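Colleague: Could you please take me through this model?

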Amino acid sequence: MAPTRRALLGSAALGVVGALAGCSGASDPQAESARPQTRGTEMDPTVVKPRNPSGESVLLDGSEANDENEPARIGRELVTSADRADELLVAESVSDADRERVRSFLDETDYETETVYVSPAGVESCERLDIESVSWQPGRVEYEYCSELRPPDESCEADERVALALLFRLPVALDERITQSGSSGHSPCRTTDTEYAVLDGNATVTGNATATDEWGDF
């Protein structure tokens, strides 16, 4: 069986240690740059934010689903291979546009050098999350966000909550194991181009599905 990228990364790291052992305290810049970057922060990260208006989980685990077992909901997870990405299902109550965004996002990830971090979240129907940064270290991922009103031309229901799935593309090949995760946020967003501040609290706002960037702005 061909070695996994984890085994290859581990072998590469051992090779670097062996090379350094023959030196008397001197560091090799090329060897240092070859080491996997297991800690880092990405400002303005690449992320998709599909929402499920039913309030149920956006992503489901299709790895053990069959005629007798319903797929389980996906919690916080590091997706480290295309095989695992193929097992992730998007709930039927999620819009077709969001379903396509999720599939494209997963398919276009290079799992040899990148990792997808998945985290469930929730938000008011008429609000959206703006992701400001994501940070990672061995076994832990956390992100920072702010929340603000969605554009008036987006459909929403006042005083209703919807489920989100946040899918971050991290520029590093991480191990599958995650032991801790976290998030911190504030409202309203401090830096924004938003020109609206209030929606009628009793109104149902009906809009279109126009996306404001490559993956949509939700």
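Modeller: The notes below cover strands and then aromatic rings.
Modeller: This is a predicted model, in which local features need pLDDT of at least 70, side-chain atom pairs count only at pLDDT 80 or more, and totals for chains, interfaces and linings use all residues. Residues are numbered from 1 along each chain as its sequence is written, and side-chain values use heavy atoms, with hydrogens and water left out.
Colleague: How do β9 and β10 pair, and over how many bridges?
Modeller: Strands β9 (residues 127-137) and β10 (residues 140-149) are antiparallel over 10 bridges. Strands are DSSP runs of E of at least two residues, numbered from the N terminus, and two of them pair if DSSP finds at least two bridges between them.
Colleague: What lies in the turn?
Modeller: The hairpin of β9 and β10 has 2 residues between the strands, and Gly139 in the turn has a positive phi of about 80°.
Colleague: Which way does β13 run relative to β10?
Modeller: Strand β13 (residues 180-186) runs parallel to β10, joined by 7 bridges; Glu144 stands opposite Ser184 in β13.
Colleague: Turning to the rings, which residues form the aromatic cluster?
Modeller: The cluster consists of Tyr117, Tyr143, Tyr145 and Phe168. Rings of Phe, Tyr and Trp (its six-membered ring) pair if their centres lie within 6.5 Å; planes under 30 degrees apart count as stacked, over 60 as edge-to-face and the rest as tilted.
Colleague: What is the geometry of Tyr143 and Tyr145?
Modeller: Tyr143 and Tyr145 form a tilted pair, 6.0 Å centre to centre with 45° between the planes.
Colleague: Is Tyr143 buried or exposed?
Modeller: Tyr143 counts as buried because its relative accessibility is 6%, where buried means under 20% relative accessible area, exposed over 50% and partly exposed in between (1.4 Å probe, protein chains only). Tyr145 is partly exposed, at 23%.

Notes
Helix = DSSP H or I, 4+ residues; strand = E, 2+ residues; numbered from the N terminus.
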